[in-house]
Amino acid sequence: MQTRRFGRLGWQVSEVGYGLWGMGGWSGSDDTQSVDSLDYAIEQGCTFFDTALAYGDGKSEQLLGQVLKRHPRHNLTVATKIPPKNGKWPAVSEYRLDDVFPADYIREATETSLKNLGVESIDLQQFHVWTDEWAGDERWQKAVDDLKRQKLIKGFGISINRWEPTNVLRALDTGLVDAVQVVYNIFDQNPEDELFPACREKGIAVIARVPFDEGSLTGTMTHGMTWPQGDWRNLYFSPDKLPAILHRVEALRHDVPAGMSMPELALRFILANPDVSTVIPGMRRKLHVETNLRVSDGRPLASDVLERLRAHRWVRTYFVP
Ligand SMILES: NC(=O)c1ccc[n+]([C@@H]2O[C@H](COP(=O)([O-])OP(=O)(O)OC[C@H]3O[C@@H](n4cnc5c(N)ncnc54)[C@H](OP(=O)(O)O)[C@@H]3O)[C@@H](O)[C@H]2O)c1
């Protein structure tokens, strides 16, 4: 497993990290399988874990907390997130900071996450939604600064709304943001335009999330696919959207090099970018952990392949699921 520097925080983290949303409540989750997969990932050298208080209302954090106890000697980095107090994803510019991230709530949510994870300090606390309208508001800035000074958190990050990679640039100017988490994959390449250069200049770590476009870039999805009621993927891959997504996946198949799987290509595309500090595939199955972690072998993606992948950029605008 290769490691990378996590921005100006200076931590060395595994370049393939672990996303823990699915195990918090996507249909088909099995807790025993999830914790076994986490244990296995740690044994294989994975050191970066991304969860959130909202994932199963603390369940994902609690599963990670169980696993952390078993690996006290590993130098593991844990990132979690404060959900919006108004319960609305994503944040839009009309929302008042008071309704989404008031100072007392920022602290209260952090204390709940500390308990769920069973740690004294959170390595990286993140806002789960953001609008740059709030960037200059000193109330969130002070609340975050207080958490850092009281050592309840070591670093602070913002998880940027899906497909709005520039809706954070003003917040980065405050100097308080140590990391951003952004959707970056073969389809969603536009963080490269403005966000990555800004992060490079300021020493801000980049967490690349949703590497498989919630599953389409694994190449395993089929027309007419549905999930049990309540699984949010029924919205993301709704019947009006799925055909267009699968059409693009089919086009991509022509550019998958011989001997390489689509998930491997998806991860190699992201790792080819030195601005990325770590990529966090969502995984519940050990087989997925095994195949995804194996990609971190230091072998670069051939430049002609990378060039061809540029043509698969897909600029999407936000839809409210
Ligand atoms: N707003 C936010 O802050 C936000 C939003 C979305 C995601 N995230 C973070 O980013 C992480 C990653 O995103 P995601 O989990 O939503 O989506 P993703 O990583 O794009 O896709 C996850 C899906 O891919 C499957 N998968 C993983 N490896 C595979 C492989 N080698 N072959 C075939 N299938 C494979 C997983 O299956 P199994 O689960 O069955 O193993 C799961 O169904 C999340 O877990 C979360 O930590 C944050």
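**Note on the predicted fold, its helix contacts and ligand shell**

1. Asp 213 sits in the loop that joins strand S9 (205-209) to helix H8 (233-236), and although Asp 213 is not a glycine, its phi is positive, at about 50°. The model is a predicted one, in which local features need pLDDT of at least 70 and side-chain atom pairs count only at pLDDT 80 or more, whereas totals for chains, interfaces and linings use all residues. Residue numbers start from 1 along each chain as its sequence is written.

2. Pro 90 belongs to the loop between strand S5 (77-82) and helix H3 (97-100).

3. As for the overall fold, the protein has 12 helices and 10 strands (DSSP runs of H or I with at least four residues, and of E with at least two, numbered from the N terminus). The C-alpha trace spans about 50 × 45 × 40 Å along its principal axes. For 321 residues a compact globule would have a radius of gyration near 20 Å, and the 19 Å of the protein agrees with that (taken over C-alpha atoms, the rule being 2.2 Å times the number of residues to the power 0.38).

4. Helix H1 (residues 31-43) packs on helix H11 (residues 286-294) at an angle of about 25°, with the axes 9 Å apart (axes are fitted to C-alpha atoms over the stretch in contact, and angles between N-to-C directions run from 0 to 180 degrees). H1 is therefore roughly parallel to H11 (under 35 degrees; over 145 is roughly antiparallel, 65 to 115 roughly perpendicular, and the rest oblique). The crossing of H1 past H11 is right-handed (the near helix is turned clockwise from the far one by less than a right angle; anticlockwise is left-handed). On the H1 side the contact involves Asp 36, Ser 37, Tyr 40 and Ala 41, and on the H11 side Lys 286, Val 289 and Leu 293 (C-beta atoms, placed from the backbone, within 7 Å). Sorted by class, this contact of H1 with H11 holds 4 nonpolar, 1 polar and 2 charged residues (Ala, Val, Leu, Ile, Met, Phe, Trp, Tyr, Cys and Pro are nonpolar, Asp, Glu, Lys and Arg charged, the others, including Gly, polar).

5. H1 also packs against helix H2 (residues 59-70), at an angle of about 40° and with the axes 10 Å apart, so H1 and H2 are oblique to each other. Their crossing is right-handed. Asp 31, Ser 34, Val 35, Leu 38 and Asp 39 of H1 meet Leu 63, Leu 64, Gln 66, Val 67 and Arg 70 of H2, and the contact of H1 with H2 comprises 5 nonpolar, 2 polar and 3 charged residues.

6. Helix H4 (residues 103-117) and helix H5 (residues 138-149) pack at about 30°, their axes lying 9 Å apart, and H4 passes H5 in a right-handed crossing. From H4 the contact takes Ala 103, Ile 106, Arg 107 and Thr 110, and from H5 Arg 139, Lys 142, Ala 143 and Leu 147. The residues of this contact of H4 with H5 are 4 nonpolar, 1 polar and 3 charged.

7. The ligand is surrounded by 28 residues, of which Gly 19, Trp 21, Ser 159, Phe 212 and Gly 282 are the closest (C-beta atom, placed from the backbone, within 6 Å). In this shell around the ligand, 9 residues are nonpolar, 12 polar and 7 charged. H11 supplies the largest share of the shell, 3 residues, and H11 is also the helix that packs with H1.

Methods: Contact = placed C-beta atoms within 7 Å.
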